[in-house]
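Reader: I've got a model open on my screen and I'd like to learn how to read it. Can you take me through it a feature at a time?

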Amino acid sequence: MPIDPSILADNAEQLRRLESFVAGTSDLNHDLGGGWTVAVALAHLAFWDRRAVLLLQRWATRDVAPDDPDDDILNRALVDEWRELPPRRAAAMAVDAAREVNAAVRELAPETFAAVQARDDLWLLHRGNHRREHLDQIEGAMRRGRQVRSQ
């Protein structure tokens with residue numbers, strides 16, 4: 001079973017959106033609340049995209065489905081490290097990881113795709129959803145910040 005082309009298209013569109021955002025913003029330290037900045041959110045995206053690549057590689061080579069970790073615990077455990085990253089490094093990591101996972105999804109063997117789909121783990125493939133969620137959050141917070149400053 002081939003990968004749904006809409007997944008590939010959305011992943012590519014959200015990668016373009018991420019690349020455009022990273023290239024066009026200088027405010028990577030903008031506060032998103034809860035101790036998160038734009039750079040922290042981008043480092044978060046990089047981590048989860050890289051995790052997806054590794055899970056897909058493991059699944060393809062050993063036919064081992066991913067475990068369900070407590071995602072909130074992972075985010076809470078890693079946020080301090082993400083805060084320590086230079087903001088431009090976090091942005092570059094997000095773009096690099098998005099490119100890497102998009103390529104891994106595009107190159108996925110049909111039988112691995114079928115196994116992912118059978119377990120209803122399409123979140124591993126549809127990385128555009130996660131990027132969209134955080135880019136919407138970031139862009140919304142930055143728009144609100146500009147509105148507050150201009151009033």
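Reader: Let's start with helix pairs. At roughly what angle do the axes of H2 and H3 cross?

Author: Keep in mind that this is a predicted model. The axes of H2 and H3 cross at roughly 125 degrees and come within 10 Å. Angles over 145 degrees count as roughly antiparallel and those from 65 to 115 as roughly perpendicular, so H2 and H3 are oblique to each other. Their crossing is right-handed.

Reader: Which residues make that contact between H2 and H3?

Author: From H2 you get Val40, Ala43, His44, Phe47, Trp48 and Arg51, and from H3 Asp71, Leu74, Asn75, Leu78, Val79, Trp82 and Arg83. Sorted by class, the contact of H2 with H3 has 8 nonpolar, 2 polar and 3 charged residues.

Reader: His44 is on that list. Is histidine 44 buried or exposed?

Author: The cut-off for buried is under 20% relative accessible area. Histidine 44, in helix H2, has 4% relative accessibility, so it counts as buried. Skipping its neighbours within four places in sequence, histidine 44 is in contact with Trp36, Asn75, Trp82, His130 and His134.

Reader: Next pair, then. How do H2 and H4 pack, roughly parallel or roughly antiparallel?

Author: Look at the angle: H2 and H4 pack at about 30 degrees, with their axes 8 Å apart. That makes H2 roughly parallel to H4, since the limit for that label is under 35 degrees. H2 passes H4 in a left-handed crossing.

Reader: And what sits in the contact of H2 with H4, by class?

Author: There are 17 nonpolar residues, no polar ones and 4 charged ones. On the H2 side, Ala39, Leu42, Ala46 and Val53 are among them; on the H4 side you'll find residues including Ala90, Ala94, Ala97 and Val101.

Reader: Let me zoom in on one of those. Which residues does alanine 97 contact, leaving aside its neighbours within four places in sequence?

Author: Ala46, Asp49 and Arg50. Alanine 97 is found in helix H4, and with 0% relative accessibility it counts as buried.

Reader: What about valine 101: which residues does it touch?

Author: Not counting residues up to four places away in sequence, valine 101 touches Asp49, Ala52, Val53, Arg127 and Arg131. Valine 101 lies in helix H4 and is buried, with a relative accessible area of 0%. From valine 101 to phenylalanine 47 it's 54 residues in sequence and 11 Å in space, C-alpha to C-alpha.

Reader: One more pair. At about what angle do H1 and H4 pack?

Author: About 165 degrees, with axes 10 Å apart. That makes H1 roughly antiparallel to H4, and their crossing is left-handed. Leu8, Leu15, Leu18 and Val22 are among the H1 residues here, and they and their H1 partners meet H4 residues including Ala91, Ala94, Ala98 and Val105. The contact of H1 with H4 divides into 10 nonpolar, 2 polar and 4 charged residues.

Reader: Now the bigger picture. How many residues does the largest nonpolar core have?

Author: The general idea is that in soluble globular proteins, nonpolar side chains tend to be buried together. Here the largest nonpolar core has 29 residues, and those with the most contacts inside it are Leu18, Phe21, Val38, Leu42 and Ile138. Helices H1, H2, H3, H4 and H6 each give two or more residues to this core, and the largest share, 9 residues, comes from H2. There's also a second, separate core of 15 residues, which includes Ile7, Ala52, Leu55 and Leu125.

Reader: Leu42 shows up again there. What is leucine 42 in contact with, beyond its neighbours within four places in sequence?

Author: Leu18, Phe21, Val22, Leu28, Ala90, Ala91, Ala94 and Ile138.

Reader: Last one, for contrast with the helices. Where is aspartate 120 found?

Author: Aspartate 120 is in the loop between helix H5 (110-118) and H6. At 61% relative accessibility it counts as exposed, the cut-off being over 50%. Check its backbone too: phi of aspartate 120 is near 60 degrees, a positive value in a residue other than glycine.

Conventions: Residues are numbered from 1 along each chain as its sequence is written. This is a predicted model: local features need pLDDT of at least 70, side-chain atom pairs count only at pLDDT 80 or more; totals for chains, interfaces and linings use all residues. Side-chain values use heavy atoms; hydrogens and water are left out. A nonpolar core is a set of buried Ala, Val, Leu, Ile, Met, Phe, Trp, Tyr and Cys residues joined through side-chain atoms within 4.5 Å. Buried means under 20% relative accessible area, exposed over 50%, partly exposed in between (1.4 Å probe, protein chains only). Helices (H or I, at least four residues) and strands (E, at least two) are DSSP runs, numbered from the N terminus. Contact means heavy atoms within 4.5 Å. Axes are lines fitted to C-alpha atoms, for helices over the stretch in contact, and angles run from 0 to 180 degrees between N-to-C directions. A crossing is left-handed if the near helix is turned anticlockwise from the far one by less than a right angle, and right-handed if clockwise. Ala, Val, Leu, Ile, Met, Phe, Trp, Tyr, Cys and Pro count as nonpolar, Asp, Glu, Lys and Arg as charged, and the others, Gly among them, as polar.
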